[in-house]
Amino acid sequence: MNYASIDERYSQLAESACCLSCGGAINYAEAAKNEVCVDLGSGRGTDVLRLAETVGDKGFVYGIDISEGMLQKARNTAERLGVQNVEFIKSTLEQINLPDGKANLVISNCTINHASDKQIVWNEIFRILKSGGRFVVSDIYSKEPVPEEYRNDPVAVSECWAGSVTREIYLEQLRKAGFEIVKIIEESEPYEKGMIRVASWTIAA
């Protein structure tokens, strides 16, 4: 996948008031003092800054995003507010620029569906988590396979539907990555998105 269209779309939205998320993973994350947290698809950095306050000066939060506009917005906000225990990194989800066993907690909101190889993304999440670490992710899955002509269309992917996989495939990818017990925190009824029906959910393991 060429991420240029995704970068362009979200960079344009960086200064807008547009809500970009399909869920609120942070509301279920239960971050604790001194923890290291990672937000995949951190956008304007809102959740990163909330987590930074929760984990305190001895904790740390990394924001991972592909959009240069979003990253710059997040860095500017952190600097303006004087928040020191954060770092915003430009990275794809398939090769997260963090060492093994770095994080206690990984969160993400409506981002993993963008990835061209979601199995590799879940493998990466498993890799960067400490032993006993956890993820809380809000995302979408498709009720039927995405038509092939849309699956690699960068605009359709950036609109959060063309990259989605079915519920069954999603859960199988989690299992293959090493997550054995997955908790479904909330799950929506199916709704129309682009050319298919999808559902939103928040899951943890």
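Buried means under 20% relative accessible area. The legends below apply that cut-off to a predicted model.

**View 1. Tyr-141 and Trp-201 form an edge-to-face ring pair.** The model holds 9 aromatic pairs. In this one, the ring centres of Tyr-141 and Trp-201 are 4.8 Å apart. Their planes meet at 65 degrees, and over 60 counts as edge-to-face. Tyr-141 sits in strand β5 (residues 129–142), and Trp-201 in strand β8 (residues 196–204). The pair thus links distant parts of the chain, 60 residues apart. Tyr-141 and Trp-201 are both buried.

**View 2. Tyr-150 and Trp-161 form a tilted pair.** Here the ring centres lie 5.3 Å apart, with the planes at 50 degrees. Tyr-150 belongs to helix α5 (residues 148–151). Trp-161 is in the loop between α6 (154–158) and α7 (167–177). The pair therefore ties together parts that are 11 residues apart in sequence. Tyr-150 is partly exposed, at 26% relative accessible area. Trp-161 is buried, at 5%.

**View 3. Ring pairs join seven named residues into a cluster.** The members are Trp-122, Phe-126, Phe-135, Tyr-141, Tyr-170, Phe-179 and Trp-201.

**View 4. Asp-139 is buried yet has no salt bridge.** Asp-139 lies in strand β5. The nearest side chain of opposite charge is Lys-118, 7.5 Å away. A salt bridge needs the charged atoms within 4 Å. The side chain of Asp-139 does make a polar contact of 2.8 Å with that of Tyr-170.

Methods:
Residues are numbered from 1 along each chain as its sequence is written. This is a predicted model: local features need pLDDT of at least 70, side-chain atom pairs count only at pLDDT 80 or more; totals for chains, interfaces and linings use all residues. Side-chain values use heavy atoms; hydrogens and water are left out. Rings of Phe, Tyr and Trp (its six-membered ring) pair if their centres lie within 6.5 Å; planes under 30 degrees apart count as stacked, over 60 as edge-to-face and the rest as tilted. Helices (H or I, at least four residues) and strands (E, at least two) are DSSP runs, numbered from the N terminus. Buried means under 20% relative accessible area, exposed over 50%, partly exposed in between (1.4 Å probe, protein chains only). Lys and Arg count as positive and Asp and Glu as negative; His and the chain ends are not counted. A polar contact is a pair of N or O atoms within 3.5 Å; within protein, one must be able to donate a hydrogen and the other to accept it, and residues adjacent in sequence count only if both atoms are side-chain atoms.
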